[in-house]
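This report describes one protein chain.

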Amino acid sequence: TCNDCDLVRYCSDKCQQDHRPRHNEKCKERAAELRDELLFRQPESSYLGDCPICCLPLSFNNNKSAMYTCCSKTICKGCE
C-alpha cells in the first residue's frame, strides 16, 4: 500500500518503486486531500481559547475542563 495516499496496493517493494513515477502526481493530490479532511474535522476555537497542552479548543461545558490554581490556566479533562 502507498503510505501517503492509500490509493494503490502493491505486491512488492519493487513494483511500488517501478510504479512510483506514474503514481506520484495522483499521490500528492490525494495526500493533500487527506490532510485537508483531517484539518477540517478539527473543532473551531471557542472564546475560551485552546488547551495549552493538546492545543484543542476548550469546551463550553465546565465539566470538561479544569483550572490549575497555581497558574490559573484552564486545560481540558483529557490532559488533566
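## Gly78 and the end of the chain

Gly78 is exposed, with a relative accessible area of 73%; exposed means over 50% relative accessible area, buried under 20%, and partly exposed in between, with a 1.4 Å probe and protein chains only. Gly78 belongs to the segment after β2.

## Basis of the model

This is a predicted model, in which local features need pLDDT of at least 70 and side-chain atom pairs count only at pLDDT 80 or more, while totals for chains, interfaces and linings use all residues. Residues are numbered from 1 along each chain as its sequence is written, and side-chain values use heavy atoms, with hydrogens and water left out.

The pLDDT is the predictor's confidence in each residue, on a scale from 0 to 100. Its mean over the chain is 81, and 86% of the residues reach 70 or more. Among the elements, the lowest mean pLDDT belongs to α1, at 83, and the highest to β2, at 86. Where pLDDT is low, the predicted coordinates should not be read in detail.

## Fold and overall figures

The chain has one helix and two strands, arranged along the sequence as α-β-β. Helices (H or I, at least four residues) and strands (E, at least two) are DSSP runs, numbered from the N terminus. Helix α1 covers 13–41 and strand β1 covers 65–67, while strand β2 covers 74–76.

Of the 80 residues in the chain, 16% are buried. The accessible surface comes to about 6600 Å², and carbon and sulfur atoms hold 50% of it; these areas come from the Shrake-Rupley method with a 1.4 Å probe, and for residues only the protein chains shown count as cover. A contact means heavy atoms within 4.5 Å. Among contacts in the chain with a separation of 6 or more, 15% are between residues 24 or more positions apart.

## Salt bridges

Three salt bridges are found in a search of the whole structure. The term requires a side-chain nitrogen of Lys or Arg within 4 Å of a carboxyl oxygen of Asp or Glu. Arg20 and Asp4 form one of them, with an N to O distance of 3.7 Å. This pair links distant parts of the chain, with Arg20 in helix α1 and Asp4 in the segment before α1, 16 residues apart. Arg20 is partly exposed at 28% relative accessible area, and Asp4 is partly exposed at 45%.

Within helix α1, Asp18 and Lys14 lie four residues apart, about one turn of the helix, and their side chains meet in a salt bridge of 3.1 Å, N to O. Asp18 is partly exposed at 45%, whereas Lys14 is exposed at 54%. Arg30 also forms a salt bridge, with Glu33, and the closest N and O atoms are 3.2 Å apart. Arg30 and Glu33 are separated by about one helical turn because they are three residues apart in helix α1. Both are partly exposed: Arg30 has a relative accessibility of 23%, and Glu33 has a relative accessible area of 41%.

## Two buried residues

His23 is located in helix α1 and is buried, at 4% relative accessible area. Leaving aside neighbours within four places in sequence, His23 is in contact with Cys2, Cys5, Val8 and Tyr10.

Ser65 is located in strand β1. Its relative accessible area is 13%, so Ser65 counts as buried. Not counting residues up to four places away in sequence, Ser65 touches Leu58, Thr74, Ile75, Cys76 and Lys77.

## Positive phi in the loops

Most residues other than glycine have a negative phi. Cys55, which is not a glycine, has a positive phi of about 65 degrees. Cys55 sits in the loop between α1 and β1 and is exposed, with a relative accessible area of 53%.

Ser72 also has a positive phi, near 60 degrees, and is a residue other than glycine. Ser72 lies in the loop between β1 and β2.
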